[in-house]
Amino acid sequence: MNHFLSVEDVPDPEGLVDEALKLKKKPFSFQKLGRNKTLGMLFFNASLRTRMSTQVAARNLGMEVIVMNVSQDSWQIETEDGVVMNGDKAEHVREAAAVMGQYCDVLAIRSFPTLKDKKKDYAEELMHQFSRFAGVPILSMESATLHPLQGLADMMTISEYKKVEKPKVVLTWAPHVKPLPQAVPNSFTQWSRKMDYDFVITHPEGMELPKRFRQDAHIEYDQDKALAGADFVYVKNWSSYKNYGMLGLGKDWMFSQKKLGLTNDAKVMHCLPVRRNVVIADEVLDGPNSVVIQQAGNRVFSAQAVIKRLLESL
Ligand code: CP
């Protein structure tokens with residue numbers, strides 16, 4: 001595996017889930033692999049889980065870690081080619097990536113979409129430019145359109161809790177106070193399809209995820225119908241892809257105890273951070289069906305499994 005930008009970079013997604021679960025049991029068994037190797041972590045946006053879990057993962061593998069908040073700690077980076085750089089951005093990605101690639105053995109990058117320019121966001125220029133110019137493996141810690149490390153942690157969580165081989169997994173849209181990226185639901189959809197679960201997406205009409213990631217996934221616009229018999233419910237807000245970046249309406253889509261009652265005693269998932277009583281009700285988050293904390297715990301081992309594969313490819 002030369003880069004990790006999406007599940008499509010993984011030749012054996014189920015194998016990677018198993019590997020991550022094995023690492024969870026023995027986190028320090030590959031400490032020699034990362035000795036004298038450095039992970040550079042570049043944050044273009046805020047993060048709690050990704051920032052901490054990826055550092056723990058790298059250290060479990062014996063690596064050194066350098067963390068940088070790009071807009072605060074370094075020069076702002078230009079990604080467009082051929083521009084006259086007479087604005088705020090002092091350094092071009094062509095130099096920045098090539099230089100950082102000399103200091104680090106793997107570069108991990110976290111960036112968000114503009115949610116204003118669909119074409120630009122979905123072109124994933126930043127990730128592609130780093131992949132092109134860094135000369136070392138690039139690990140996505142969430143891009144404009146995908147969050148593959150989160151998707152892998154989600155699949156680990158389902159694997160740990162599932163009681164049947166092919167559980168019913170429902171991804172349900174939820175309300176929010178501000179427009180959010182489509183990255184988490186895009187990746188959750190991609191990974192769930194690779195696992196061949198009985199997978200259903202439910203959301204208000206007009207909030208369809210992009211076809212390139214959901215492909216022919218089953219969409220059920222009636223949330224109650226979708227939730228019936230679900231073994232896992234993944235609750236997540238995303239902004240509109242069609243009316244790009246629009247918030248989307250539907251306060252009654254908040255996931256409540258009543259909605260949980262429609263399921264097959266489903267485990268409730270969310271990538272976090274979650275706005276209580278906007279996205280999911282307190283009673284659900286604090287109840288026995290919520291696995292959001294365990295899910296976040298798995299972020300260490302999803303990152304560790306991916307970094308291990310990238311180190312093995314050096
Ligand atoms: N789920 C997730 O990626 O959390 P952070 O944004 O806090 O890293």
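Visitor: Which side chain has an N or O atom 3.0 Å from a nitrogen atom of the ligand?

Guide: That's Gln 150. A polar contact is a pair of N or O atoms within 3.5 Å; within protein, one must be able to donate a hydrogen and the other to accept it, and residues adjacent in sequence count only if both atoms are side-chain atoms. A backbone N or O atom of Leu 272 also sits 2.9 Å from a ligand nitrogen, and the side chain of Arg 299 has an N or O atom 3.2 Å from a ligand oxygen.

Visitor: What should I keep in mind about the model?

Guide: It's predicted: local features need pLDDT of at least 70, side-chain atom pairs count only at pLDDT 80 or more, and totals for chains, interfaces and linings use all residues. Residues are numbered from 1 along each chain as its sequence is written, and side-chain values use heavy atoms, leaving out hydrogens and water.

Visitor: Is Asp 121 buried or exposed?

Guide: Buried means under 20% relative accessible area, exposed over 50%, partly exposed in between (1.4 Å probe, protein chains only). Asp 121 is buried, and belongs to helix α5, residues 118-123. Helices are DSSP runs of H or I with at least four residues, numbered from the N terminus.

Visitor: Which polar partners does the Asp 121 side chain have?

Guide: Its side chain reaches the backbone nitrogen of Thr 114 at 2.9 Å, and makes a 2.7 Å polar contact with the side chain of Tyr 244.

Visitor: Which residues of α1 are buried?

Guide: Pro 13, Leu 16, Val 17, Glu 19, Ala 20, Leu 21 and Leu 23.

Technical notes:
Helices (H or I, at least four residues) and strands (E, at least two) are DSSP runs, numbered from the N terminus. Lys and Arg count as positive and Asp and Glu as negative; His and the chain ends are not counted. A salt bridge is a side-chain nitrogen of Lys or Arg within 4 Å of a carboxyl oxygen of Asp or Glu.
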